[in-house]
Amino acid sequence: MCLAVPGRVLDIGEKDGTRMATVDFGGVQKEVCLEYLPDLQVGEYAIVHVGFALQRLDEESARQTLELFAELGMLQEEFGDPWEQAAEAGGEPWPFTGEPAAAAPQEEVTP
C-alpha cells in the first residue's frame, strides 16, 4: 500500500533545478519534491504521496493523522524496512533485531 502521509518541512533547497525539501514524517525523514506546492515554507505541513508534496495541511490535522497511522501500524508499513517486511510476509522471523542471539546452553565438562 502507498499512503499519502502528512509531514513537516524541515528545510528547503534545490536539486538539479527542482525545489526539494527534507520532510519529517513522525521521525522518518525523506526528500520530497515541492514542485506542486512552490510556496510551501519551512515548518509547514503537507500531504506527501510518492515523493511529491501535494497539499498543504494544518499542524493539528497532520498530528492527528500521523497518530492514527501509527496506531494502525501504517507508518511501519509505509516506512519500515522492506527486507524485514518481506521476511515477515514469508512467515520467517526477521533475524536482525539488534538484540544478541541467546547463547546455546553449555554442557559442563568434568574431568
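This is a predicted model: local features need pLDDT of at least 70, side-chain atom pairs count only at pLDDT 80 or more; totals for chains, interfaces and linings use all residues.
Q: Which side chain does Asp-39 meet in a salt bridge?

A: As a general idea, side chains of opposite charge can pair when their charged atoms come close. Here the side chain of Asp-39 meets that of Arg-56, with 3.2 Å from N to O, and this pair links distant parts of the chain, since Asp-39 sits in the loop between β3 and β4 while Arg-56 belongs to strand β5, 17 residues apart. Arg-56 is partly exposed as well, at 34%, and Asp-39, Glu-44 and Arg-56 are linked in a network of salt bridges.

Q: How many bridges join β2 to strand β3, and how do the two strands run?

A: In a regular strand the side chains alternate between the two faces of the sheet. In this structure β2 and β3 run antiparallel and are joined by six bridges, with Thr-22 standing opposite Glu-31 of β3. The two strands form a hairpin with two residues between them, where Gly-26 in the turn has a positive phi of about 65°.

Q: With which residue does Glu-31 form a salt bridge?

A: Glu-31 forms a salt bridge with Lys-15, and their closest N and O atoms are 3.3 Å apart. Glu-31 lies in strand β3 and Lys-15 in strand β1, so the pair ties together parts that are 16 residues apart in sequence. Glu-31 is partly exposed at 46% relative accessibility, and Lys-15 is partly exposed at 41%.

Methods. Residues are numbered from 1 along each chain as its sequence is written. Side-chain values use heavy atoms; hydrogens and water are left out. Two strands pair if DSSP finds at least two bridges between them. Helices (H or I, at least four residues) and strands (E, at least two) are DSSP runs, numbered from the N terminus. A salt bridge is a side-chain nitrogen of Lys or Arg within 4 Å of a carboxyl oxygen of Asp or Glu. Buried means under 20% relative accessible area, exposed over 50%, partly exposed in between (1.4 Å probe, protein chains only).
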